[in-house]
Amino acid sequence: MTQTTGAVLADEPDPPPPVRRGRVLPVAIWTVVAGFALWAVVRLFGLEAGYPFIQLISFTPYLAALALPVPLVALVLRRWPAAAVATLTVAALAAAVLPRGFAAGDPLPAGPTLRVLTANMMVGAADPARLVALVRTERVDLLALQEYTPQAERALDAAGLAGLLPHRSAHPIPGVGGSALYSRLPLHDDGVRMNPYEFGQARATVPVPGAAPVAVESVHVTAPASTSPDLGSKVTEAWTRALAAEPPATVDGQVHLLLGDFNATLDHAALRRLIGTGYRDAADVTGQGLSMTWPYDRLFPRVALDHVLADRRVGVRRVAVYPVPGSDHRAVLAELVFPPR
């Protein structure tokens, strides 16, 4: 007789099924590809709306760069459908971004040249000596300033700006709302237009010798910035209204010139709609459209918020950007050629 010893072992639970690694990889690849593809669709069709999507679409050039290796990775892993979608996505993002780095090569009109400079003074803190030096060395004819305070006006006068650009449409306000236009040529002060949240825009008409008078605004569109989702929705709505209220180009009427801080990039549909009325972005025309202008007071992915827009009759010979100590924006210089009268 056989005798057994010891306790009877209890039934043990079945071991968990093995992780199906074959499913993890395709899910991960498609998640990445779908994310980039969704971004491309939103950018191409102007579908960004509300907070925080209006802010995020500013970073499209960086997303386009990050998307570049995705098709190659999908090909190496033999994920053919994912590779095809990724390739189309990269092509779409490249079509949206790359043209900014290439000059249009358009012939210039035969009329007079006007050198314009725009600078956001960061609540009047920008170095007045640096701004005056730029005006002098670049032989600036027209200067647009944003966040122009009473203190900044006094500092610029003390630095000698009035001797270089004696005519002005100056509307200093404490805080971010002040705005100004300084001109070497006589100008007609057309007052100031206020955007939501008291972002001011100085306006003037400048008679350019040899060309028709030019309507100019120192643009400062309401900033779509907030750390609060509730307030963020309100300011992005105000930003949309402010861009829609900018004067459209009149390609067969008076020449219009908008220069300043648009708080928008060429990836924003609202700015593209404004340009579509008949403007051209000077930096884009000259292949400088990827020259970032903000923020330069801290480490952050930088974007191009400052622009010079002129209607399609105006040629662009040169664009350059310059740092200004004390400001978080870089100044933008454009050399414009106007059609003769």
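Predicted model: local features only at pLDDT ≥ 70, side-chain atom pairs only at ≥ 80, totals over all residues.
Which residue stands opposite Glu217 in S7? Arg203 does.

**Strand S7**

Burial applies to both faces of S7. Val214, Val216, Ser218 and His220 lie on one side, and Ala215, Glu217 and Val219 lie on the other. Strand S6 (residues 199-206) runs antiparallel to S7 and is joined to it by 4 bridges. Strand S8 (residues 255-261) runs parallel to S7, with 7 bridges between them. His220 has Asp261 in S8 as its bridge partner.

**Strand S4**

Strand S4 (residues 179-183) is mostly covered, with 5 of its 5 residues buried. Ser179, Leu181 and Ser183 point one way from S4, while Ala180 and Tyr182 point the other way. S4 pairs with strand S2 (residues 142-146) in the antiparallel sense over 5 bridges, and Leu145 stands opposite Ala180. Strand S3 (residues 167-171) also pairs with S4 in the antiparallel sense, over 5 bridges. On that side, His171 has Ser179 in S4 as its bridge partner.

**Nonpolar cores**

How many residues make up the largest nonpolar core? The core has 29 residues, of which Val116, Val216, Leu257, Val308, Leu336 and Phe338 touch the most other members. Val216 is also one of the buried residues of S7. Leaving aside residues up to four places away in sequence, Leu336 touches Pro112, Thr113, Leu114, Val116, Leu257, Val308, Val314, Gly315 and Val316. Another core, of 23 residues, lies apart from this one and includes Leu131, Val132, Val135 and Ala331.

**Cavity and pockets**

A search of the whole structure finds 1 cavity of 30 Å³ or more.

| Space | Volume | Lining by class |
|---|---|---|
| Largest cavity | about 150 Å³ | 10 nonpolar, 7 polar and 5 charged residues |
| Largest pocket | about 510 Å³ | 14 nonpolar, 7 polar and 4 charged residues |
| Second largest pocket | about 250 Å³ | 10 nonpolar, no polar and 7 charged residues |

Which residues lie nearest the centre of the largest cavity? They are Gln288, Gly289, Ser291, Ala304 and His307, out of 22 residues in the lining. Helix H3 (60-67), strand S10 (306-311) and strand S11 (315-322) each supply at least two residues of the lining of the largest cavity.

The largest pocket, with a volume of about 510 Å³, is lined by 25 residues. Ala223, Ala225, Asn263, Trp294 and Leu305 are the closest to the centre of this pocket.

The second largest pocket is lined by 17 residues, and the closest to its centre are Arg100, Leu266, Ile275, Asp281 and Asp284. Helix H5 (80-97), helix H10 (269-275), strand S9 (279-281) and helix H11 (282-285) are the elements that give two or more residues to the lining of the second largest pocket. S9 gives the most, with 3 residues.

Terms used. Residues numbered from 1 in each chain as written. Heavy atoms only, no water. Core = buried A, V, L, I, M, F, W, Y, C linked by side-chain atoms within 4.5 Å. Buried < 20%, exposed > 50% of the residue type's maximum accessible area, 1.4 Å probe, protein only. Contact = heavy atoms within 4.5 Å. 1 Å grid on protein atoms, 1.4 Å probe; cavity = no way out; pocket = protein on both sides within 12 Å on 5 of 7 lines; lining within 4 Å. Points joined across faces, edges and corners; volume = space filled by probe spheres on them. Nonpolar A, V, L, I, M, F, W, Y, C, P; charged D, E, K, R; others polar. Pairing = 2+ DSSP bridges.
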